[in-house]
Amino acid sequence: MSIKQLPEEERPIEKALHNGIGTLSNGELLALILRTGSSTQSAMGLAESIMRSIDGGLAGLVSLTPQELMGIRGIGRSKACAVAAVGELAKRIHLKPIREKYRVDCASDVAGFFMEELRYEKKEHFRTLMLNAKGVVIGSENISTGGLTSTAVHPREVFSPAIRKNASTVVLVHNHPSGDPTPSDADVELTKRIQGAGRLIGIKVLDHVIIGDGRYVSLMGEGYIKED
């Protein structure tokens, strides 16, 4: 059944206007974003197809790429980008309040800063969090996307932004797309290499936090990073 065939009070737009946007189901909200259907499905039908394709419930929407969405029958470039844009906006809305004058005192603070941004990523992202002398965040830098190797993550790429921002300390952060934040031997080796470079230039590496799906591991907490 197309949306036009529904009783007026059950159509998403009319329902939102008369009863409030909060009364709409997830599928109805998604249908509003899609606006139109395809040659074979209504907007509601397409919305339901998207919802069925999401792993982990509605939260999985933020991890869908336009390319993945275009793999759903009836979803073209425009609709795919519209839905992906909503997921990206949701992440940014969540992150903005916690990142203003954010102070880092422990690994859980770092995890709180990055969890919603990185937990759904399908590739590894290596970031640095730069702090001033009071432990307040003064910047974050994306160093590498993909596998963590010595060529992909070089100490100069880590410390160049920190030097420009006059950072006192840095925290290393990356995600494990598997959802399991257990550090690998390569993670530990890379951490020690970057920490050693930091000693030479006078910028301390406070920690290396690995983000999983709702979980994290601190290499400082696990004893892999020693106090200077």
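A: Let's start with a term: a polar contact is a pair of N or O atoms within 3.5 Å, and within protein one must be able to donate a hydrogen and the other to accept it. Keep in mind that this is a predicted model.

Q: Okay, so which backbone oxygen lies 2.7 Å from a polar atom of the side chain of Thr191?
A: That oxygen belongs to Asp187. Thr191 itself is found in helix 8, residues 185-201.

Q: Is Thr191 buried or exposed?
A: Buried means under 20% relative accessible area. Thr191 has 1% relative accessibility, so it counts as buried.

Q: And what is Thr191 in contact with, leaving aside its neighbours within four places in sequence?
A: Its partners there are Leu172, His208, Leu219 and Ile225.

Q: Let's move to the sheet. In what order do the five strands come?
A: The general idea: strands of a sheet pair through backbone hydrogen bonds, either parallel or antiparallel. Here the order is 2-1-3-4-5, the sheet is open, and the pairing is mixed.

Q: Which strands stand at the edges?
A: Strand 2 (137-145) and strand 5 (216-218) do. Each has a single partner strand, so one side of each is left without a neighbour in the sheet.

Q: How many bridges join strand 1 and strand 3, and in what sense do they pair?
A: Six bridges, in the antiparallel sense, between residues 125-131 of strand 1 and residues 169-175 of strand 3.

Q: Now backbone torsions. What is phi of Arg35 near?
A: Most residues other than glycine have a negative phi. Arg35 has a positive one, near 75°. You'll find Arg35 in the loop between helix 2 (26-34) and helix 3 (43-53), and at a relative accessible area of 71% it is exposed.

Q: Where is Asn166 found?
A: Asn166 is in the loop between helix 7 (155-164) and strand 3. Its phi is positive too, near 60°, and Asn166 counts as exposed at 65% relative accessibility.

Q: Last one: how many disulfides does the count come to?
A: A disulfide is a covalent bond between the sulfur atoms of two cysteines. The cut-off used is a pair of cysteine sulfur atoms within 2.5 Å, and by this rule the count is zero. If you want to look at cysteines anyway, Cys81 is partly exposed at 43% relative accessibility, and Cys106 is partly exposed with a relative accessible area of 37%.

How values were computed:
Residues numbered from 1 in each chain as written. Predicted model: local features only at pLDDT ≥ 70, side-chain atom pairs only at ≥ 80, totals over all residues. Heavy atoms only, no water. Pairing = 2+ DSSP bridges. Helix = DSSP H or I, 4+ residues; strand = E, 2+ residues; numbered from the N terminus. Buried < 20%, exposed > 50% of the residue type's maximum accessible area, 1.4 Å probe, protein only. Contact = heavy atoms within 4.5 Å.
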